[in-house]
Amino acid sequence: MQTDTIKIGISACLAGEKVRFDTGHKKSNFCMDELGKHVEYTRFCPEVAVGLPIPRPTIRQVRVGDTIKVCRPDGSGEVGQQLTEYGKKVATEQAKQLSGFVFCAKSPSCGMERIKIYNEAGTGNTSEGIGFFAEQIMKHNPLLPCEENGRLNDMHLRENFVMRIYVFKNWQKLVQEPLTVHKLTQFHSQYKYLLMAHNYQAYRDLGNLLGTYVGDDINALADEYILGLMTGLKKPASRRNNCNTLMHLQGYFKKELSKVEKQELRDAIDEYREGLVPLYVPLTLLKHHLKVHPNEYLEKQVFFNPYPHDLKLRFGI
């Protein structure tokens, strides 16, 4: 049964557990000290889970003919199959209850991308691998928001990841009850301006998908919709798209605001466009006007509050 608790998968070393090959950890301060106030983590160390000790010899991906092994530098101790099987088990049995996953970058088991694959002689490598555990999680849960700890240092990627976690969690809650086209349309209406800011084409396409639907397979419609939504939101919002969205929202107040207030709001949007102030400045003005001049439709727009304010994710974008 779905609860309101947001559950996130995380590589155990990022949670501060001393499970690395050298008995160390790679604690993510953002994940544990900031985001951790709002989510519950389920921790995974696939290397320990498949029986490797702490401490242990380092392992890496090695290309052997047409296959890739995960083993020690000398070629011994191959654990690729065990990591794949464990990843598939977690992906199909536990990940369905998760709303996101944070992986440890560069790990031959947990890295999402650009993992080094060595040749048998150990004299060269290419950065084209995917961690064996991470690959299974992503393969079996294509909608699940996933990120690496290193990429979360980028303020735009961090904001985008957290936003998608909250969207996906709300979707998981929605599909616990029988779906109807009306429920899907109501859900979509809350995300229209958030989607506009991230991917205008997806905003148009999904609106058209729901607006012209005439079939009776609601589950197929829902699958197509959520794939389009999560894919569209994966693209970080650009300054240009945010400005376009802000101006659309501004239009709702054209009859309520005084000439001075309109100019003040236009100036704030222009300053954001020029990179002089962060996004929260014009947003704060819009939210102020929304309190003074309530609008039921706008009050439901997730764009205004996509995640807890104390994460301060819009202070730097």
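Reader: Hi! Before we start, what counts as a helix or a strand here?
Author: Hello! Both are DSSP runs, numbered from the N terminus: a helix is a run of H or I with at least four residues, and a strand is a run of E with at least two. One thing to keep in mind is that this is a predicted model.

Reader: Thanks! So where is threonine 23 found?
Author: Threonine 23 sits in the loop that runs between strand 1 (7-11) and helix 1 (29-34).

Reader: And what is its phi like, positive or negative?
Author: Threonine 23 has a positive phi, about 70°, even though it is not a glycine.

Reader: Why does threonine 23 count as partly exposed?
Author: Threonine 23 has a relative accessibility of 39%.

Reader: Let's zoom out. How many helices and strands are in the protein chain?
Author: The protein chain has twelve helices and eight strands. Its C-alpha trace spans about 75 × 50 × 35 Å along the principal axes.

Reader: What share of the residues counts as buried?
Author: Of the 317 residues in the protein chain, 46% count as buried.

Reader: And the contacts, what share comes from residues 24 or more positions apart?
Author: Taking the contacts in the protein chain with a separation of 6 or more, 67% are between residues 24 or more positions apart.

Reader: Okay, back to details. Where does alanine 49 lie?
Author: Alanine 49 is in helix 2 (residues 46-49). Its relative accessibility is 42%, so alanine 49 counts as partly exposed.

Reader: How far is alanine 49 from isoleucine 117?
Author: Their C-alpha atoms are separated by 22 Å, and the two residues are 68 residues apart along the chain.

Reader: New topic: how do helix 9 and helix 10 pack?
Author: Helix 9 (residues 239-250) and helix 10 (residues 259-273) have axes 9 Å apart, at an angle of about 170°. That makes helix 9 roughly antiparallel to helix 10, because angles over 145 degrees count that way.

Reader: Which residues meet there, between helix 9 and helix 10?
Author: From helix 9 come Arg239, Asn242, Cys243, Leu246, Met247 and Gln250, and they meet Lys262, Leu265, Arg266, Ile269, Tyr272 and Arg273 of helix 10. By class, the residues of this contact between helix 9 and helix 10 are six nonpolar, two polar and four charged.

Reader: What about pockets? What is the volume of the largest pocket?
Author: The largest pocket holds about 680 Å³ of space. It is lined by 34 residues, and nearest its centre are Arg20, Ala105, Lys106, Ser107 and Pro108. Helix 2, strand 3 and strand 6 (115-118) are the elements that give two or more residues to the lining of the largest pocket. The largest share of that lining, three residues, is from strand 6.

Reader: How many residues in the lining of the largest pocket are nonpolar, polar and charged?
Author: The lining of the largest pocket has 15 nonpolar, eight polar and eleven charged residues.

Reader: And the second largest pocket, what volume does it have?
Author: About 360 Å³. The second largest pocket is lined by 19 residues, with Pro142, Leu144, Cys146, Arg164 and Lys234 closest to its centre. At least two lining residues each come from strand 8 (146-148), helix 5 (155-174) and helix 8 (218-233).

Reader: Last one! How many cavities of 30 Å³ or more does the structure hold?
Author: There are two cavities of 30 Å³ or more. The largest cavity has about 140 Å³ of space and is lined by 14 residues, with Lys287, Phe304, Tyr307, His309 and Arg314 nearest its centre. The second largest cavity has a volume of about 50 Å³, and the residues that line it include Glu159, His198, Asn242 and Arg314. Helix 6 (residues 181-198) supplies the largest share of the lining of the second largest cavity, three residues.

Notes. Residues are numbered from 1 along each chain as its sequence is written. This is a predicted model: local features need pLDDT of at least 70, side-chain atom pairs count only at pLDDT 80 or more; totals for chains, interfaces and linings use all residues. Side-chain values use heavy atoms; hydrogens and water are left out. Axes are lines fitted to C-alpha atoms, for helices over the stretch in contact, and angles run from 0 to 180 degrees between N-to-C directions. Angles under 35 degrees count as roughly parallel, over 145 as roughly antiparallel, 65 to 115 as roughly perpendicular and the rest as oblique. Contact means heavy atoms within 4.5 Å. Ala, Val, Leu, Ile, Met, Phe, Trp, Tyr, Cys and Pro count as nonpolar, Asp, Glu, Lys and Arg as charged, and the others, Gly among them, as polar. On a 1 Å grid over the protein atoms alone, a cavity is a set of points where a 1.4 Å probe fits but cannot get out, and a pocket is an open set with protein on both sides within 12 Å along at least five of seven lines; lining residues have an atom within 4 Å of a point. Grid points are joined across faces, edges and corners, and a volume is the space filled by probe spheres set on the points. Buried means under 20% relative accessible area, exposed over 50%, partly exposed in between (1.4 Å probe, protein chains only).
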